[in-house]
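Here is a friendly walk through some backbone and packing details. Please have your viewer open as you read.

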Protein chains: 2
Amino acid sequence: MKIIYSDLHRKRQAKTELYGGELRPPFECPERMDYILAEIDKRKFGEILPPKEFGIDPVLAVHDKAYIEFLERAWSDWKALGYAGEAVPNVWPARRMRSDIVPEHFDARLGYYALAGETSLSEGTWEAAVASKDVALTALAAVMDGERAAFGLCRPPGHHAAMDQFGGYCFFNNAAVVAQQARDQGIERVAILDVDFHHGNGTQQIFYDRADVQFHSIHGDPQHAFPHFLGFAEEKGEGAGEGHNFNYPLPPGTGFAEWRAALSSALDEINRYKPGLLIVSLGVDTFEKDPISFFKLTSGDFVTIGQDIAGLEMPTLFLMEGGYAVEDVGVNTINTVSGFWSSH
Amino acid sequence: MKIIYSDLHRKRQAKTELYGGELRPPFECPERMDYILAEIDKRKFGEILPPKEFGIDPVLAVHDKAYIEFLERAWSDWKALGYAGEAVPNVWPARRMRSDIVPEHFDARLGYYALAGETSLSEGTWEAAVASKDVALTALAAVMDGERAAFGLCRPPGHHAAMDQFGGYCFFNNAAVVAQQARDQGIERVAILDVDFHHGNGTQQIFYDRADVQFHSIHGDPQHAFPHFLGFAEEKGEGAGEGHNFNYPLPPGTGFAEWRAALSSALDEINRYKPGLLIVSLGVDTFEKDPISFFKLTSGDFVTIGQDIAGLEMPTLFLMEGGYAVEDVGVNTINTVSGFWSSH
């Protein structure tokens with residue numbers, strides 16, 4: 001399997017995450033990639049290739065231009081204010097306040113474009129986000145060129161990023177960027193299967209009113225899990241997208257049997273939809289030892305997930321999302337994609 | 001002038017404020033009261049009296065019951081989660097996410113009930129907030145009993161607190177609580193004049209659709225100042241409240257001449273409204289040395305403010321709001337109320 005990777009992800013090395021009322025080193029850290037690379041090397045699995053550069057247009061096809069311009073300038077704008085820490089939002093358009101205006105002060109724009117506060121903007125974030133979407137787009141190109149599957153080793157991840165909001169460690173929605181790119185290149189229907197522990201709120205929102213990109217997310221019940229304010233079962237899409245958004249929220253303590261039943265439902269739906277491309281938002285924070293999640297999957301279960309997805313027999317693009325039990329991220333990730341690749 | 005004060009404000013002693021991407025000691029600190037008390041003592045101004053207890057019903061007359069229950073239990077709920085810091089929201093119902101549901105997890109409820117992130121919930125916050133509204137209600141009782149004016153030395157402040165949101169150092173909206181109480185005791189029309197540097201978003205929201213409580217706020221333009229997402233000039237009230245909300249946003253660097261012109265407009269309107277009670281939300285963060293504000297008032301200007309307000313010749317209730325140039329808060333505050341009190 002072709003695996004696309006760029007060392008530029010290391011530019012995303014925030015020092016702080018707001019968690020439990022403290023600023024701590026982020027759960028989403030560069031070392032996650034090191035463990036994946038080490039596991040690839042250990043198993044001699046696949047072929048690691050660098051990304052090509054695709055420019056910003058594929059990003060602007062799904063994201064708001066003002067948001068992207070905000071992100072590009074955010075670090076220099078923030079530093080110009082003389083603040084000592086990284087950029088963490090502390091004010092936002094709260095319920096019943098105004099969201100029809102983007103105030104001039106950077107603090108206000110920071111909160112306007114944020115969907116959560118755990119994710120600091122830091123030096124190098126922009127460069128890493130640009131490289132991450134290039135990784136995704138290069139992996140897409142491999143599948144468009146006829147590969148059965150490819151794996152974009154994206155970092156930072158993307159599925160929480162909304163049309164004009166960052167958060168949940170995400171800045172550009174890589175899955176949405178490549179789904180739109182595939183559509184623009186002639187694929188009539190694209191399915192996105194999000195197996196990350198957290199609801200893919202950004203991906204859902206971007207395609208919520210569309211029938212040409214179907215979204216499935218299996219995730220921790222938002223009553224108990226981030227992002228909390230989206231991802232409920234009754235969110236089924238709207239307008240042309242009605243019936244094309246599928247959420248499978250699962251309760252704390254969910255083990256693999258229940259999780260796999262949700263996967264089976266999703267795969268059945270995707271099979272009926274007959275997309276020309278399947279994009280898998282691959283998070284491995286469903287793992288039992290993940291520090292910020294509550295499912296109980298074991299490392300062996302990830303092999304089965306890969307095998308089950310392979311059963312669809314569709315051109316498949318894996319994109320890396322979350323997974324924070326750092327030392328196990330490599331095994332669980334490569335278990336998934338090698339489980340897929342070994343299946344026929 | 002009767003001045004109501006309770007030492008219970010010291011229970012609000014948060015350790016952390018999220019500011020500039022760091023957690024620092026809050027600008028809103030107990031020492032603010034010490035400087036006011038010292039200035040009162042130095043000038044032998046007024047008579048300091050303790051508050052009576054009024055229970056929670058006057059609070060529930062303007063705040064949501066579930067919000068108040070959340071606040072009362074927040075510290076023990078937070079500690080039960082085992083987090084090490086104070087309670088700082090890091091997820092909230094962002095734009096285009098759902099606000100029709102209050103998720104079960106405390107992290108989600110914390111963000112649901114927060115309007116900004118600088119204000120940590122801390123041990124003792126509830127007790128201090130309860131005492132603060134009792135201070136306000138006791139000061140109201142003095143005016144209802146015939147005093148020309150009284151001063152509620154409220155801490156924590158209140159004017160940012162909305163019907164079901166805390167933030168901006170505020171938990172209960174003391175001005176709204178006493179305005180409603182005055183209405184319930186038969187005052188037909190109440191005017192609230194908010195001279196704090198920051199827009200009184202909570203007070204505006206609570207009375208936005210009502211004609212019986214008129215709101216005036218002179219404040220830093222929200223394009224540049226907290227709370228950023230409310231307080232623009234075009235917000236004039238709605239429904240029965242149409243024409244009874246007055247915002248006077250002023251730009252960075254505003255000096256006293258421009259500020260006083262806005263005050264004059266507000267006083268003219270209040271004079272036309274002929275309220276039975278005037279409540280002054282008294283912040284002194286309009287001061288030139290305030291660390292988080294951008295007006296240029298000098299200490300002497302506060303005397304003039306008090307004199308100008310006295311010109312209305314209305315029963316007047318002063319309630320303490322903000323002011324963070326700590327060592328000058330006493331002089332500027334007492335300049336205002338003594339300027340009022342010395343005028344006829």
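In which hand, left or right, does α8(A) pass α9(A)?

## Two helices in chain A

The crossing of α8(A) and α9(A) is right-handed; a crossing gets that name if the near helix is turned clockwise from the far one by less than a right angle, and left-handed if anticlockwise. Two packed helices are described by the angle between their axes and the distance between the axes. For helix α8 (residues 256-273) and helix α9 (residues 299-310) of chain A, the angle is about 15° and the axes are 11 Å apart. Here the axes are lines fitted to C-alpha atoms over the stretch in contact, with angles running from 0 to 180 degrees between N-to-C directions. Helices are DSSP runs of H or I with at least four residues, strands are runs of E with at least two, and both are numbered from the N terminus. The pair α8(A) and α9(A) is therefore roughly parallel (under 35 degrees; over 145 is roughly antiparallel, 65 to 115 roughly perpendicular, the rest oblique).

On the α8(A) side, Phe256(A), Trp259(A), Arg260(A), Leu263(A) and Leu267(A) touch Asp301(A), Thr304(A), Ile305(A), Asp308(A) and Ile309(A) of α9(A), where contact means heavy atoms within 4.5 Å. By class, this contact has six nonpolar, one polar and three charged residues (Ala, Val, Leu, Ile, Met, Phe, Trp, Tyr, Cys and Pro are nonpolar; Asp, Glu, Lys and Arg charged; the others, Gly among them, polar).

## Model and numbering

This is a predicted model: local features need pLDDT of at least 70 and side-chain atom pairs pLDDT 80 or more, while totals for chains, interfaces and linings use all residues. Residues count from 1 along each chain as its sequence is written, chains are lettered from A and ligands numbered from 1 in written order, and side-chain values use heavy atoms, leaving out hydrogens and water.

## Backbone details

The peptide bond from Phe226(A) to Pro227(A) is cis, with omega near 5°. Pro227(A) sits in the loop between β7 (213-220) and β8 (245-250) of chain A. In chain B, the bond from Phe226(B) to Pro227(B) is cis, with omega near 5°.

Lys44(A), a residue other than glycine, has a positive phi near 50° and belongs to the loop between α1 (31-43) and β4 (47-49) of chain A.

## Where the chains meet

In all, 54 residues of chain A contact 54 residues of chain B.
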